[in-house]
Amino acid sequence: MPRRSTWAETVTCDPHRAMALYVKAAAILEQVEQKRGSVKTLVYNSGHQNIKQLFALVCETLKYTPVLKELISTTNLLKEEKKLQINVAKVLVYDLLFGKGLKCGGSWKALIMKHRSQLKSALARLKVKRKVSRNEDLIETKVSSTKGCQLPRYVRVNLLKNNMEDVIDYFKREDYTYLGRATSVDDLRHLTRKQFICDHHLPELLVFHPKTDLHEHFLYTAGHIILQDKASCLPAYLLNPPGGSHVIDACAAPGNKTSHLAAILCNKGKLFAFDLDTKRLATMGTLLLRAGVTCHELANQDFLLVDASNPKYHDVKHILLDPSCSGSGIVNRLNQLTDDESSSSTQRLQALASFQRKALNHALSFPSVERVIYSTCSVHREENEDVVEEILQQHGNQIRYALSSGDQCW
């Protein structure tokens with residue numbers, strides 16, 4: 001069995017830092033439940049000082065979430081401790097029972113330790129009930145079933161700060177072997193840990209072995225490369241605004257697509273980026289700063305409320321619309337651990353599609369717009385073909401469209 005990353009192995013002994021880690025992990029769990037982004041995106045854009053610890057804690061808590069919910073419910077923990085929120089409880093109970101013990105002091109530790117005996121007894125009863133002896137055997141099978149499906153590690157070279165040749169040379173000096181440009185998908189399937197190749201569609205995209213971790217690499221921390229899946233690169237690549245253009249990124253956070261647009265524009269022109277979430281927008285500002293983006297104007301605003309007739313948007317001819325969606329098409333996503341039947345229910349998909357239609361209609365209302373890319377991370381027809389077909393029916397022959405494979409771009 002492969003060794004799991006356990007955050008407690010490297011956690012600092014400072015109780016205040018541990019407390020901050022628990023708070024951040026609980027916040028990310030809540031965002032995941034609200035479909036505010038993928039686990040990796042939320043963690044790596046969180047601004048936390050120790051990303052590896054945070055990522056491991058969130059992942060492990062997610063894996064055990066069904067078990068944690070059952071234990072918290074059977075012990076009436078939230079009923080007895082009314083100030084304790086569910087996601088904070090999940091993180092604390094995980095670390096008490098499945099990690100290496102609580103690392104924080106103060107009231108939270110005292111609160112959980114008060115229920116320690118009850119929680120341990122409930123865990124023991126649950127293992128007897130399910131006829132297992134090890135904690136890991138309590139994890140539902142759907143968690144382990146995704147291990148065999150892995151995408152390569154995609155790395156977009158940030159042309160605002162570097163160029164392909166220099167980045168390739170940098171990795172070669174670190175004993176990576178460059179295999180040239182891929183000719184087919186098959187070329188990506190046999191990469192070893194120290195090999196990389198150039199994508200056969202996107203010229204600024206490098207491809208590494210799935211287990212390659214570059215989050216602490218100098219080129220990443222300095223903004224010379226962006227860790228961005230190929231599907232996420234397609235919308236900006238297909239929009240392809242000329243340098244000097246005025247462009248709108250309608251639902252912009254966390255900002256990888258925005259930085260890609262800025263690179264395509266060569267930082268020339270104007271890039272208007274909107275997002276309703278204040279925290280995500282603040283994190284996005286940090287990301288864009290690191291990436292060397294200077295042509296942007298961020299706005300903490302609902303795109304649906306942006307006045308298309310405002311003179312400042314008169315020259316906008318290109319719009320990228322990547323609205324909230326079910327996320328059902330994200331491969332290897334850890335979010336599936338929080339999904340239930342309601343995640344893809346007819347009611348939820350209809351609600352998402354309603355917003356998506358409104359956003360796409362609004363994008364088409366800008367007076368000078370010539371090209372709109374509509375993309376989702378969904379495999380559901382309700383969020384893709386149905387949305388586009390309804391918009392086409394409303395606008396008749398006024399617009400033309402093309403379908404591209406990948407990130408469901410329209």
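This is a predicted model: local features need pLDDT of at least 70, side-chain atom pairs count only at pLDDT 80 or more; totals for chains, interfaces and linings use all residues.
1. Which residues of helix 16 are buried? They are V387, V388, I391, L392 and H395. These residues span an arc of only 130° around the axis, so they sit on the same side of helix 16. Just after helix 16 comes G396, with a positive phi of about 60°.

2. T376 belongs to the loop between strand 10 (371-374) and helix 16 (385-395). Is T376 buried or exposed? Its relative accessible area is 1%, and buried means under 20%, so T376 is buried.

3. The side chain of T376 has polar partners. One is the side chain of N384, in a polar contact of 2.7 Å. A polar atom of the T376 side chain also lies 3.2 Å from the backbone nitrogen of S378.

4. Charged pairs come next. Side chains of opposite charge can pair when their charged atoms come close. How many salt bridges does a search of the whole structure find? The count is 16.

5. One of them joins R381 and D386, with the closest N and O atoms 2.8 Å apart. R381 has 43% relative accessibility, so R381 counts as partly exposed. D386 is also partly exposed, at 30% relative accessibility. Elsewhere, salt bridges with shared partners tie E70, K129 and R130 into one network.

6. Look next at K63 and E60. Their salt bridge has its closest N and O atoms 3.4 Å apart. Both residues lie in helix 3 (residues 51-63). They are three residues apart, about one turn of the helix. Both K63 and E60 are buried.

7. E81 and K114 form another salt bridge, at 2.9 Å from N to O. This pair links distant parts of the chain, 33 residues apart. E81 is in the loop between helix 5 (77-80) and helix 6 (86-97). K114 is in helix 7 (residues 106-114).

8. Are E81 and K114 buried or exposed? E81 has 12% relative accessibility, under the 20% limit, and therefore counts as buried. K114 has 57%, over the 50% limit, and therefore counts as exposed.

Technical notes. Residues are numbered from 1 along each chain as its sequence is written. Side-chain values use heavy atoms; hydrogens and water are left out. Helices (H or I, at least four residues) and strands (E, at least two) are DSSP runs, numbered from the N terminus. Buried means under 20% relative accessible area, exposed over 50%, partly exposed in between (1.4 Å probe, protein chains only). A polar contact is a pair of N or O atoms within 3.5 Å; within protein, one must be able to donate a hydrogen and the other to accept it, and residues adjacent in sequence count only if both atoms are side-chain atoms. The arc is that of the directions from the helix axis to the C-beta atoms. A salt bridge is a side-chain nitrogen of Lys or Arg within 4 Å of a carboxyl oxygen of Asp or Glu.
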